[in-house]
Amino acid sequence: MTAIIYWFRNDLRLHDNPAFEKACCLAEQDRCELVPVYCHATEQTTRWAFPRTGPHRRHFVSTAVAGLSEAITSAGSRLIELTGPCAEALPALARSLGAERIVCETIAAPEEEDEVAALRQAGITVDEVWQSTLLEPGTLPFASKDLPDVFTEFRRAVEKAAIRPRRALAGRDRLPPLPTGLMHSRTSKSIPSVTPDPRSAFPCSRPEFHGSESAAIAHLRRYMARQLPHSYKSTRNKLAGIDDSSKFSPWLAVGALSAPQIHAHLVTFEAEHGASESSYWLWFELLWRDYFRLLQRKYGRRLFRASGLKGNASPPHDTSAFERWRCGQTGHALTDAGMRELAATGYISNRMRQIVASYLIHELGCDWRAGAAWFESCLIDFDICSNQGNWLYIAGYGTDPRGGRRFNPDKQAAEHDPDGNYRALWSAP
């Protein structure tokens with residue numbers, strides 16, 4: 001074998017990347033070359049007639065890839081960037097190298113699984129490594145098929161069994177060089193620009209909020225140094241501030257930061273400054289993230305059906321109402337403010353996500369899948385498992401025993417924007 005390809009997916013980092021470490025070890029064991037690769041998706045339009053990847057998400061992912069490319073270059077190699085369907089671009093590269101093996105992380109979602117299946121159909125050996133959760137599935141007190149269908153039961157079982165995360169890996173500072181013929185081919189793609197908006201709660205146009213691993217680690221360290229874990233629970237439902245929530249989710253989404261890395265820093269923080277109910281809530285939210293990933297492992301494609309897990313009729317849809325919601329023109333001030341912020345910045349708070357999702361489904365009578373697709377297009381922290389899980393939760397098409405969550409929009413405005421400052425801030429696009 002002449003080379004092993006490492007295919008970066010949603011794990012755009014060199015540190016605490018068990019799948020990449022496996023590829024490095026295999027290359028050393030087989031005495032072959034290691035080729036790091038990222039495959040840029042071609043532009044697509046959703047069934048709802050808008051781009052699948054909007055400008056802010058495209059910008060953030062591009063800065064993450066650029067940061068990865070710079071880190072790999074500094075380590076002595078180079079990131080090969082391809083464009084096009086992975087099922088076509090990767091086999092073509094493998095043939096040119098005489099490579100028969102690709103190593104990558106496991107992503108338990110239908111399209112991502114189809115990509116791997118297509119590579120195997122093309123005759124390539126694909127070694128997958130599960131690494132995106134805080135807790136390793138094999139350490140849990142139940143098999144994947146027996147995952148509790150209620151989050152609280154999952155959390156209590158994990159905490160009762162005292163399950164701990166895996167140790168974060170240090171990573172590699174030096175990598176072997178690329179094969180000679182690849183050194184001057186397939187140059188990096190330029191980073192698409194976005195219009196900065198000073199109102200943004202995650203100003204991704206600023207270098208410290210770019211998607212790179214170095215920016216992620218710097219943010220994590222700043223967050224702990226400022227002792228923000230002790231205020232997290234009391235501020236996480238606020239609507240507009242940079243410090244209101246941890247803002248880890250964009251870097252987690254592209255894999256520039258891992259959940260075990262966050263946990264390791266949190267443990268150190270609590271040892272130095274004391275644990276609190278608020279700092280515990282960061283663990284709590286990381287468990288929610290794990291839970292949505294484990295639901296994907298358990299139910300797979302069933303979570304993507306129109307009726308979700310319920311097997312009922314497909315949800316209704318009002319195209320005109322959906323367009324008004326998407327453009328922030330429903331006439332409900334808080335909902336419209338949230339939708340304007342999302343379109344202008346690629347980010348809204350978790351509370352606003354719940355409010356606007358509930359409004360689309362329960363007030364406007366629209367298909368939850370259309371809302372999920374719009375979030376996928378816009379959100380810089382889009383994560384397929386969390387996005388799908390949360391929309392199913394609000395719609396009542398997932399595992400939640402209450403059959404959906406309707407958020408009274410006027411009550412939400414009174415509780416979370418009592419002075420109207422958020423609505424005033426986003427009264428115009």
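**View 1. The second largest cavity of the predicted model.** The second largest cavity has a volume of about 40 Å³. A cavity is a set of points on a 1 Å grid, laid over the protein atoms alone, where a 1.4 Å probe fits but cannot get out. Grid points are joined across faces, edges and corners, and volume is the space filled by probe spheres set on the points. Pro 137, Leu 140, Phe 142, Ala 143, Ser 144, Leu 147 and Leu 294 form the lining (lining residues have an atom within 4 Å of a point). Six of these residues are nonpolar, one is polar and none is charged. Ala, Val, Leu, Ile, Met, Phe, Trp, Tyr, Cys and Pro count as nonpolar, Asp, Glu, Lys and Arg as charged, and the others, Gly among them, as polar. This is a predicted model: local features need pLDDT of at least 70, side-chain atom pairs count only at pLDDT 80 or more, and totals for chains, interfaces and linings use all residues. Residues are numbered from 1 along each chain as its sequence is written, and side-chain values use heavy atoms, with hydrogens and water left out.

**View 2. The largest cavity.** The whole structure holds two cavities of 30 Å³ or more. By class, the lining has six nonpolar, five polar and one charged residues.

**View 3. The second largest pocket.** This pocket holds about 1,200 Å³ of space. A pocket is an open set of points with protein on both sides within 12 Å along at least five of seven lines. Of its 47 lining residues, Tyr 232, Glu 285, Trp 288, Asn 350 and Asn 390 are the closest to the centre. Helix 8 (249-254), helix 10 (277-299), helix 13 (350-363) and helix 15 (384-395) each give two or more residues to the lining. Helices are DSSP runs (H or I, at least four residues), numbered from the N terminus. Helix 10 gives the largest share, eight residues. The lining has 23 nonpolar, eleven polar and 13 charged residues.

**View 4. Helix 11 against helix 14.** The axes of helix 11 (residues 319-326) and helix 14 (residues 368-378) come within 11 Å and cross at roughly 30 degrees. Axes are lines fitted to C-alpha atoms over the stretch in contact, and angles run from 0 to 180 degrees between N-to-C directions. The two helices are therefore roughly parallel (angles under 35 degrees). Phe 322, Trp 325 and Arg 326 in helix 11 meet Ala 370, Gly 371, Trp 374 and Phe 375 in helix 14 (heavy atoms within 4.5 Å). These contact residues divide into five nonpolar, one polar and one charged.

Definitions and conventions. Parallel < 35°, antiparallel > 145°, perpendicular 65-115°, else oblique.
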